[in-house]
Amino acid sequence: MDLLKNKPLLFKLWIGLLGAILVLLALNNYRVNFSGNSRLLPVSLGLFTAATFMLGIYFQKVRVVMHGAAFMIVVAAAFAGFANWLPQTIGEPPALEESVEDITSLSPQELADLGEKLTFGKGKCSLCHVFGSSEHGERAPNMFGLAARANEIVQLDSYKNRDTIQTVAYDGSGIAENAVEYMAESHACPNCYVSPGYGKRGTNDRESPMPAIHKPPLSLTIDEMVAIDTWMYVREGLDAPPIDDMRLAYEKFIPEDERPQASAGGEEAGSGGENPLLTTGNEPLPDLFEKAQCTICHIIPGIPGADDADFGPELYVKTSAPKRMKDKGYTGAASSVQEYILESIMDPNLYVVPDFDEDLMPDDFGTTLNAKTLFRIINYISQLEEGKTPPDYEKM
Amino acid sequence: MKRLFEGGMRNKQLLSWVAVVVIVGALLLPLVISIPLLAQEFEEAALEQAAAEEIVGEEVPVQQIGRDVHYGDEGIVQGPPAPVTSDNENDYPRYNFESRVIIWVATQQHLYYGSFVLAVPIFVMIIEFIGMVTKDRSMAKKYDTLAYDFIKISIVAYSITAILGGVLVFTFMILYPTFWTYMTKIFHPAMHVYVLLFLAESGTLYIYYYGWEAMKEGLLKWVHLTMAVFLNVFGTVLMMLANSWATFMMSPAGVDAEGQYLGNVWLAVHNHLWNPVNIHRLLGNMVFGGGIVAAYAAYRFLSAKNDEERAHYDWMGYVAMFIAVAFLIPLPFAGYYLMREVYAYRQQMGITLMGGLLAWLFIIQAVLIGALFLTTNYYLWQGMERMRGAERYQKYIKYMTFVLIVCFLVWLTPHTMVMTPTELKEMGGQQHPVVGNYGVMSAKNGAVNIIITTTILSFLLYQRCNKIPTVSWARYGNIALWMLFGGAFVNIIWLAIYGYYIPANVRVGLSVPQVVSTLSCLFIGTAINLLMMRGAKPTGPVEWGKISVRSQYAIFMLATSFTWMMGLMGYIRSSVRLHWHVNEVMRDNSPWAFTHTIGFAANMISFNVLFFWVTLLFVFWLGTLGTKKVVVEKVRVVTVPAPATSH
Amino acid sequence: MAKDVIVGIGLFAAAIGYFTFINWWLMDFQGLDYWYMFRTGSELSSGGH
C-alpha cells in the first residue's frame, strides 16, 4: 500500500520498467539480426542509448555511469553504423581439392556441398541463374524454392501440352512425372519446357537459351547433376530424395550413349590439375569454339551452331576492337586486334562492352585453353568484320 | 615529462637520470638475455633426451630432419606435423554458436584488460619517479598520490585479467581442441615460463601496492620503485610471450613446412612479425591505458561533490590524456614498420590488408584517426577555459576548426565509391570527375599532415595561454612561430599538389618530407615556445576543475575511440590469416574459415568495446560506492569490518 | 612595424628554404628525384590510389 502512495518511487518503477523493456527490445533485435545480412544491428545500440540515458535522468545515483555509458554507446554505434554502410563482402576460403569416386558414400550435406561447388564452378550455372530468395533472375529463373515449385509445374497444362522446338528429351523418353524427374529433364533437355519469359529472344518461349549440361562443353556427369539437385533441396532445409531415384530420373532422360563418364573425355583425371584443358587444339573450328565454351555466350559469325547466344557481344572484332581500345573505359594495353582478343580472353574485365555484365565471362580461359586453341581462335575472330562475309572456317 | 607539467628540476638531477638509465637497462636486460638462454636450455635438454633415448633404445631411431619454414635452418623433427583437421565434432565441437565469435569475445576482453594492467604500471613507475625527484613537497605528494590512484584502479583489473585469461584458455580447449593441442606441443616450454612470470608479477604487484605506505621514505622508496621496474619487466615479457603465439599463427617459424616442431622454441617465439608486433602493442597499450585512466578521471570529475575533488580529477584526466596522446604520435610509425615487415614476410598478406579483402577496414581506421584528432583539439580548446589569458587565443579556434573539418573530409573521401551500374555509367567511371581527385593518396597524405600540424598548433597555444612572454625577442619569436607553421602548411600543400604532376614511383617518396615537415613543427615549434615561456609572466594559475562538462565527454569519446580502434586493428591483424589457423602450415577447416563482412566485424567490435566499458564502468562505480561507505561507517563508528574498496 | 615585416619575410624565406631543403634531401635519400617535374616536364597523373 505504501508503495502506491509513494509517487516518486512509483514513477521510478515505471521508468525502470520502461528502460528494461527498451533493453529487452534491443537485445532481441541484436539476437535476430546477429547472423543475417541485415544491417539493423546498430539499431540495438540506439535503443541501448535511449534506455541508459533515460535511466540516467531519473536515477540520480547512477547518473554519471548511465550518461557515460550512453555516450559511449552512441560513439560505438556511430562507428558500427559507418562500417555497415560500406560495401559488404564475405571472404570465402578456397575450395579444398577433392575428387569424389562414389557419391553414395557421402552424407546428404556433403553431397550438397559438392553440388554447391559444381553450381558455381564447373557447371557455371551461376552465370545465368540466381539462388537468393529475394533476387530476380535477369537471364534465367531464380532457383529458390525450385524443389517445391517443380511438383506444381509438372501438373500444369502448359507443361503437359508443350509447344517447344523439342518436346521430348529423346524418342520414347516421355515427360517428367514429379519434381525429381522435372529437374533431370530440365538439365538434360532445356528445350523441353521453357519457363514463361525466359525463352530465347524472339522465339516466344519455344526455345531455351540454356545448353544441355550433360553435353559438351559443360559435360556434367549424372552423379554431378545429382549432387546439384541435392543441394537444391538441402540448402532450403528439405530432405533430398534418395540418390538412386535421382540417378534413375537422369537415366530416363539421357540415353546411354550420351552419358558422360567421370574419367572419360578430354579430362585427364588423376593429373591433379584443377583446370583440365577444354580442347586439344586439333578439333575442327566449330567444335573448337563449342568445346572452348565460347558459343554459350557469343555469336560467332560464320560458325554453324554459334548463331543464337546473346550473353556476350557479337564477335565482329576487327570492326569493334579498334574503337574499344580508344574508349575511355578501356584499361588494357593492347595495340592490335590480335592482342586485344588475347587480352579479352585472358582478362575479360579489362574492358566490358557497354550493356553487357561485368564479371560474367570466366577469367580462367588462360589456363583452360592451350596455345594452339588460342592461336586458332584469335586467327579466326580477328578477321571478322561487320558487313563482310566471314572467312571460310574449313580452311583454318 | 615533469618539465612539461611544471617548473624545471634542479637537485638530485644527475642521480635521477642515472637511476632512469639503470631502470631502462634493467627493463631491457632480461629481454635480451633470458629468452635465448632459456631456449638454449630447452634445446640442450631436448638433445640430451634424444641422446638418452638413443642409448637406451635397442635400435637407433631414425632421426628425421626438417627445414625451418622461415629461417631455413635444418633441425631434428621433434613434434608431430600440424594436424589436418576436417569439419567434424572432434576437431571443431559445436555449441549452437559460431565458435570463432566466442573466441573473439574471450580474446578481446582478455586483451583489453591485459593491455590496461600492463600499461598502468609503466606510467605509475614514471609518475612515482617524477614524484620522487620533484623538489616541491606538495607537488611531489600530489604525484605520489596520483601514482597510487592509478595502481589502485589497475589492481581490480588485474584480477579480472587473470580470470579472463583462464576463460580464454578454457575456451580454446573446448572449442578448438586439435588446434590448441598442436600449439601447446610447440609452445609448452614458453607456456611454463609464462605461468612462472605471471606468479612473479602477481606477487610483485601485491607487495608493491600494499607496501606503498610502508615504503614511502628514504631508501625503501627506491626499493619500492625498483619493484615497479621488475613489475614492468615481468609484465612486458608476459606480453611478448603472448604476442609470440599470435605472431606464430601469422608468420610461423621454428617448424618445417608440415608444421613439425624442430626443437628450438626461441625460433618459434622469435618469428618474423614478433618484434614489430611487440613494439606496436607496447605503444598501443600506453595509449589505451592513458585513455582508460583519463576516462576514470572524467568519471570521477563528473560525479565529484566538491571543487577540490573536481580539481584533482581534472588534473589527473589531463595527465592521462597527455600520456595517451604522447604515445599516440609515434604509434603510426610503429604501424608503418609492422606493415613493412608484413610486406617483407609475404607480399600477398600486405596486399590483402591494403588493397584486397581488408582494405575497407583501413577506411574505418582513417575515420577513427580523424575523429581522434578532432576530439583531441576540442579537448585542448576546452582546457583553455581553465586559464585566464586564454581569451587572446580563442579567436583562432574557428579557423582551426574550419581547417580541421576540410582536411577531415578530404581524408574521408573514398577513392572508389559503392555504386549501382547505372550510377557508374552516369559518372563515367569508378572515380568521380571532381570529388574523385581528393580521394587519392596525394591529397590524403596532405590532409592528415595538416590535421596533425594543426593539433600541434593547438597544443602550443594551450601551453602558453596563461603566460605572457617577457623575453626581449618575444615579438620575433612569435613571428618565427607564425612563419614556421605557415611555411609548413605551404610546404605540405605544395607537396600534395605536386604529387599529381609526377609519376607514382616518385610520388610515394613525397610522404616522407611531408611527415618531416609536421615533425619539424612539433620539435622546433615546441622548442621556440618553451624558450619564449622562460620567466614568462603568469596571468594566473591553472584553475584545475574549471572546465566544461563537455570536455569530459570528449575524454570519453577518445577513450571509446581508442578501444574501438584497438578492436579494429586487432581484428585486421588476426583476420589477415584468412583460412589458416597457422599461416600456410595449419589450415582452418572449420565452418567458420571464411572472413566476415566488415559490418559484422564492426558490430562485434562495438559489442566488445561496450562489454568492456560497461564492466569497467561498473568497476569504477563499485570503487566510488566503497569509498562512500567507508566514510559513512567511520562517522557511525561501526565495528563491523567494511567491505574492501578493492583487493 | 616595417622591421617586423622584413623579419617576417626573412623568416618565411628561411622556413621555405628549410622545407625545400628537407624535401630535396629526403627524396634524394630515398633515391628519388625531387625536381622530377622541372627536369622532365609534368605528366598529370591520377594522384595515386
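Which residues of helix 13 (residues 337-346) of chain A are buried? They are Val337(A), Tyr340(A), Ile341(A), Ser344(A) and Ile345(A). The model is predicted, and the predictor gives the complex an ipTM of 0.89 and a pTM of 0.65.

**Helix 13 of chain A**
- The buried residues Val337(A), Tyr340(A), Ile341(A), Ser344(A) and Ile345(A) belong to helix 13 of chain A.
- These residues lie on the same side of helix 13 of chain A because they cover an arc of only 130° around the axis.
- An α-helix has 3.6 residues a turn, so residues three or four places apart point the same way.
- The cover over the buried residues of helix 13 includes helix 12 (317-326), helix 14 (365-368) and helix 15 (371-381) of chain A.

**Nonpolar cores**
- The largest nonpolar core contains 184 residues.
- Inside this core, the residues with the most contacts are Ala76(A), Val120(B), Phe150(B), Ala294(B), Ile451(B) and Ile555(B).
- Helix 3 (residues 99-133) of chain B supplies the largest share of this core, 16 residues.
- Beyond its neighbours within four places in sequence, Val120(B) is in contact with Phe150(B), Ile151(B), Ile153(B), Ser154(B), Gly289(B) and Val293(B).
- A second, separate core has 39 residues, among them Cys189(A), Trp231(A), Ala240(A) and Ile254(A).
- In soluble globular proteins, nonpolar side chains tend to be buried together.

**Where chain B touches chain A**
- Contacts between these two chains involve 36 residues of chain B and 29 residues of chain A.
- On the side of chain B that touches chain A, the elements giving two or more residues are helix 8 (274-302), helix 12 (359-383), helix 19 (549-575) and helix 20 (598-636) of chain B.
- Helix 20 of chain B gives the most to this side, with eleven residues.
- Sorted by class, this side of chain B has 24 nonpolar, twelve polar and no charged residues.

**Chain B as a whole**
- Chain B has 20 helices and six strands.
- Of the 647 residues in chain B, 42% are buried.
- Among contacts in chain B with a separation of 6 or more, 82% join residues 24 or more positions apart.
- Pro80(B) sits in the loop between strand 2 (74-76) and helix 3 of chain B.
- Is Pro80(B) buried or partly exposed? Pro80(B) counts as partly exposed because it has 13 C-beta neighbours inside 10 Å, and a buried residue needs 20 or more.
- Pro80(B) and Lys185(B) are 105 residues apart in sequence, while their C-alpha atoms are 8.6 Å apart in space.

**Chain C**
- Chain C has two helices and zero strands.
- Of its 49 residues, 16% count as buried.
- The average pLDDT of chain C is 81, and 82% of its residues score at least 70.

**Confidence in chain A**
- Chain A averages a pLDDT of 79, with 88% of the residues scoring at least 70.
- Among the elements of chain A, the lowest mean pLDDT (65) belongs to helix 1 (residues 2-5), and the highest (89) to helix 8 (residues 179-188).
- Over residues 263-274 of chain A, pLDDT stays under 50. For this stretch the model has eleven contacts beyond four places in sequence.
- Where pLDDT is low, the predicted coordinates should not be read in detail.

Key
Residues numbered from 1 in each chain as written. Chains lettered and ligands numbered in written order. Predicted model: local features only at pLDDT ≥ 70, side-chain atom pairs only at ≥ 80, totals over all residues. Contact = placed C-beta atoms within 7 Å. Helix = DSSP H or I, 4+ residues; strand = E, 2+ residues; numbered from the N terminus. Nonpolar A, V, L, I, M, F, W, Y, C, P; charged D, E, K, R; others polar. pLDDT = per-residue confidence, 0-100. Core = buried A, V, L, I, M, F, W, Y, C linked by C-beta atoms within 7 Å. Buried ≥ 20, exposed ≤ 12 C-beta atoms within 10 Å, placed from the backbone. Arc of directions from axis to C-beta.
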